[in-house]
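Subject: A structure for you to look at

Hi there,

Please have a look at it first, and then read on.

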Amino acid sequence: MDNDVSAGSATSTLGHLALGLTLLAFGVGHTGVIDNVAAADASSLATWVGGVALFIVGLLEFRAGNAGTGTAFSGLGAFWFTWGTGVGTEVSAEAAGLFLLLWALLALTLTAASAGSGMFGQGVYGLLFVSLLLLGIASFAENDGLAKAGGWVGSVAGLAAWYGATAALAKWPTFSGRAAGRGVTATG
């Protein structure tokens, strides 16, 4: 790759599309809203799109000098790859809950770090945090209702990330939190 080529917003948009689609599949799988579709069915998408592709996009963001977005995408890529490759592995409910709660801490860090980036920056990470928190607690408590709630929150986060990326490509409004007249971004 030519060193003069900047990854910039194109990779950020691709990263948000990957995050959105993965979160949506993961979330819908936890809701039980579609017969015979479970969260585990999203493992291939989580491994390759949410894991590998998002991690690579994160590295490209680092290369372009975007440390915050690079950290977010690389960290979330590691989460999705780990989750996707671990589906089907026998672990205790407590181990699964701990895994989700530890990754919820990453989402909380991303939420705090994206302060001022508007609804799509902070909102997506905040919803991801709530989703992982609910899913982690649901795993500890073996509570299907909390797991479904976590799935719904994850689905909304996925839709928000997808919309933000689509809006950036289509030049739709996004309420990014930036002052009027200074540009519109999907996720700051």
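Which residue follows α6, and is its phi positive or negative? The residue after α6 is K171, and its phi is positive, near 60°. Before I say more about that spot, here is some background. The model is a predicted one, in which local features need pLDDT of at least 70 and side-chain atom pairs count only at pLDDT 80 or more, while totals for chains, interfaces and linings use all residues. Residues are numbered from 1 along each chain as its sequence is written, and side-chain values use heavy atoms, with hydrogens and water left out.

The overall picture

The protein chain has 6 helices and 0 strands, where helices (H or I, at least four residues) and strands (E, at least two) are DSSP runs numbered from the N terminus. Read from the N terminus, the order of elements is α-α-α-α-α-α. Of the 188 residues in the protein chain, 43% are buried; buried means under 20% relative accessible area, exposed means over 50%, and partly exposed lies in between (1.4 Å probe, protein chains only). The accessible surface of the protein chain is about 9100 Å², with 66% of that belonging to carbon and sulfur atoms. Such areas come from the Shrake-Rupley method with a 1.4 Å probe, and for residues only the protein chains shown count as cover. Contacts (heavy atoms within 4.5 Å) can also be sorted by distance along the sequence: among those between residues at least 6 apart, 68% join residues at least 24 apart.

Helix α6 covers residues 144-170, which is 27 residues. The expected span of a helix is 1.5 Å times one less than its number of residues, so α6 should span 39 Å, and the 38 Å between its end C-alpha atoms agrees with this. At the start of α6, a side-chain oxygen of N143 comes to within 2.9 Å of the backbone nitrogen of G145. Beyond the other end, K171 sits in the segment after α6. K171 has its positive phi although it is not a glycine, and it counts as exposed because its relative accessible area is 72%.

N36 gives you another case: its phi is positive, about 60°, and it is not a glycine either. You will find N36 in the loop between α1 (8-31) and α2, where it is exposed at 79% relative accessibility.

A nonpolar patch

L98, L102, L105, L108 and F140 make a nonpolar surface patch of about 450 Å². Helix α4 (residues 93-113) gives the largest share of this patch, 4 residues. F140 belongs to helix α5 (residues 119-141) and is partly exposed, because its relative accessible area is 36%.

Is E61 buried or exposed? E61, in helix α2 (residues 43-63), is buried, because its relative accessible area is 1%. The side chains of E61 and T11 are joined by a polar contact of 2.3 Å.

A112, in helix α4, counts as exposed because its relative accessibility is 55%. A112 and G126 are 14 residues apart along the chain, and their C-alpha atoms are separated by 8.5 Å.

Enjoy exploring!

Best wishes

How values were computed:
Polar contact = N/O pair within 3.5 Å; in protein donor to acceptor, adjacent residues only side chain to side chain. Patch = residues over 30% accessible without salt bridge, like charges linked within 9 Å, V, L, I, M, F, W, Y side chains within 5 Å. Salt bridge = Lys/Arg side-chain N within 4 Å of Asp/Glu carboxyl O.
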